[in-house]
Amino acid sequence: MTSKTPIELLSRPANMSRRGFVGGLSAGILSVAATEAANAETLADVPDRGPGADLSAHSERSRFAKIDRIPEATPGKRNIDPSDAINSKTPHQKLVGNITPTDLHYERSHSGVPDIDPAQHRLLIHGMVGKPLIFSVDDLKRMPSISRVVFIECTGNGWENWKKADPDLTVQNTHGLVSTTEWTGVPLKFLIDLVAKDRGSTWMLAEGGDGAGVDRSIPLTDEIVNEAFVAYGQNGEPLRPAHGFPMRLVMPGFEGNLNIKWLRRLKFGNAPWMTRWETARYTQLLADGKARQFQLRMDTNSVITQPSGMMQIQPGYNRISGLAWSGHGKIAEVEISTDGGKTWTEAQLSLPVLSKAQVRFQMDWVWDGKPTTIVSRSTDEQGNVQPDRNSFIAAMGTNALFHYNAQQTWSIDEAGRVRNVLA
Amino acid sequence: MSSHKRLITGVLAIGLLASPAFAFDFGRPATPDEIKLWDIDVGPDGKGLPDGSGTVVQGKQVFSDYCSACHGENGHGGIKDRLAGGQGTLASNMPVKTVGSFWPYATTLFDYIHRAMPYPTPGSLGTDETYAVTAYILSLNGIIPADGKVDKDSLPKIRMPNRDGFVPEPEFDPARLFHKK
């Protein structure tokens, strides 16, 4: 595999004039934060400068930037009353860079968001350990910490496209259940040493303090013991309640449901507990009626976010941009096809490319105005290639509901309308 | 293997040297009585199931009082997850996943009801009520008879219809994961 060095974001494509390049960039930025006011035709139309608003305790997004998550209840039930929602999706079509803003990180809960007073919260660690211990939030904050940029992906991400492609879907609808944050907390290994885990313990039960008491059995492989951590920080601040305040488990590369939020108990044992979540819920039903269980790792994936579903493009220069991620490690390469998968071109990756974190990719494209389809495919450092839809469905059937990572195709018609299709 | 052992010994030695300071600095010991308050999980072998029992007949009343508003009077037709029926549909284009058609262990049913149900007041059912409503849902699926009863000895012995319906992902197969040479 050829490994192209990621280039700086704003270097000019070789085959473009400076004017064309700047024009293209402006169009991209405008689409990120669309304004409602009339455009300034000349500099004379630009509003005068003047004193601004008072400083504030915490800054808000510009009123001209309309960026919201979308509450959803099961696949296809969208834009519903938040009280009926089970998740809320990240608006990838309006975001730039590699990191998801904290308030736009996707959210999935199974019994709402508990309002936990950290002074009263406790983490109990027990089971096959020499010294069962109880920790307060302050105890955790006093321990040696790490910070790591990690994606978390709901195993249901992509579930809109299992059986059919609704043409009216945005990338927020199809892929809004993955986000990337810098998490800060205490390595699991440190806690394991504190409680003197029994060597015979090979599985760990992690349980949340939410109404559902969500709990998952986690195999204590070397990778998981070395990489998992109990986080209390998110992008430099305390976790938001929606994301597990005051503490959650972070399991780099593994399905979202394992990253137990509002963590209150870790129990060590030597076999999985077969909780509802790892039997009745997050298992993948195959075409023959059998279900794949303990499919815990998120596979290599990618999606084009610009242009994407329900956007409209113009002939000429377009910058294709998107996100790629893999639970196996770093993304090694992303390729883009603008002719329905016949030919592929390697995209540029925006630094830094981090293990088990989303990375932005981009490519210059001059659209000739003819109908076509665009699609991306990622390859990770382990050599896993994101499958095309046909081979993915041939292996998994259409009932699996979870772990959809087939290539996402967007069609573009003669008017430049971008729509969700299966290919 | 021996180098692995040496590594573990090394880690233990460091842990022992450092532990007097760390142990007091972080957290406090959990007493057995405290652990009992939170130690609610139930394994497929029945480990963790409390003393007590419940009948299908008792469970029908508990279900009517606390569950039917969301799950329907007979475990289907409600606004939330369908609990009964669906056998034979898993390989079809419209699979219906219920306790009877999909769940591999009856112990999981007790555990889940106990920890998460009823949705507005999780943990509010008593032990016998939890056994009873577990029995009722199993009977709705034809797994135990209408005059049946469950307790901590009988529940793990129930063989669920889809017990053999699961194929572990090879990377995390519990039967093989930690038994490699």
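The side chains of A:Arg297 and B:Glu171 are joined by a salt bridge at 2.5 Å, N to O; the term denotes a side-chain nitrogen of Lys or Arg within 4 Å of a carboxyl oxygen of Asp or Glu. The model is predicted, with local features needing pLDDT of at least 70, side-chain atom pairs counting only at pLDDT 80 or more, and totals for chains, interfaces and linings using all residues. Residues are numbered from 1 along each chain as its sequence is written, chains are lettered from A and ligands numbered from 1 in the order in which they are written, and side-chain values use heavy atoms, with hydrogens and water left out.

**Interface of chains A and B**

Across the interface of chain B and chain A, the rule finds nine salt bridges. Helices (H or I, at least four residues) and strands (E, at least two) are DSSP runs numbered from the N terminus. Among the elements that each supply at least two residues of the side of chain B touching chain A are helix H2 (32-38), helix H5 (106-116) and strand E4 (166-168) of chain B. H1(B) gives the most to that side, with seven residues. The residues of the side of chain B that touches chain A comprise 30 nonpolar, seven polar and 13 charged; here Ala, Val, Leu, Ile, Met, Phe, Trp, Tyr, Cys and Pro count as nonpolar, Asp, Glu, Lys and Arg as charged, and the others, Gly among them, as polar.

In total, 50 residues of chain B are in contact with 60 residues of chain A, contact meaning heavy atoms within 4.5 Å. The two chains bury about 4,600 Å² between them, 59% of it on carbon and sulfur atoms. In chain B, the residues B:Phe26, B:Trp38 and B:Phe172 lose the most area to chain A, together 17% of what that side buries. Buried area is the accessible area (1.4 Å probe) that two parts lose on being put together, summed over both.

Strand pairing also links the chains: strand E15 (residues 291-293) of chain A and E4(B) pair in the parallel sense over three bridges. Within this pairing, B:Val167 of E4(B) is the bridge partner of A:Arg292. Two strands pair if DSSP finds at least two bridges between them.

**Chain A**

Chain A has seven helices and 24 strands. Its radius of gyration, taken over C-alpha atoms, is 23 Å, close to the 22 Å that the globule rule gives for 423 residues, so chain A is as compact as a globular protein of that length; the rule is 2.2 Å times the number of residues to the power 0.38.

One open sheet of chain A has five strands in the order E19-E18-E22-E23-E24, with antiparallel pairing. Strand E19 (345-346) and strand E24 (418-421) of chain A stand at the edges with a single partner strand each, so one side of each is left without a neighbour in the sheet. Another open sheet, of four strands, has the order E16-E17-E21-E20 (chain A) and antiparallel pairing.

| Strand pair (chain A) | Sense | Bridges | Opposite residues |
|---|---|---|---|
| E18 (residues 331-337) and E19 | antiparallel | two | A:Ile336 and A:Thr345 |
| E17 (residues 316-325) and E21 (residues 359-367) | antiparallel | nine | A:Ile320 and A:Met363 |

Over all chains, the count comes to 29 salt bridges. In one of chain A, the side chains of A:Asp103 and A:Arg61 meet at 2.9 Å, N to O. A:Asp103 lies in the loop between strand E2 (87-89) and strand E3 (107-108) of chain A, and A:Arg61 in the loop between helix H1 (18-32) and strand E1 (70-72) of chain A, so the pair ties together parts that are 42 residues apart in sequence.
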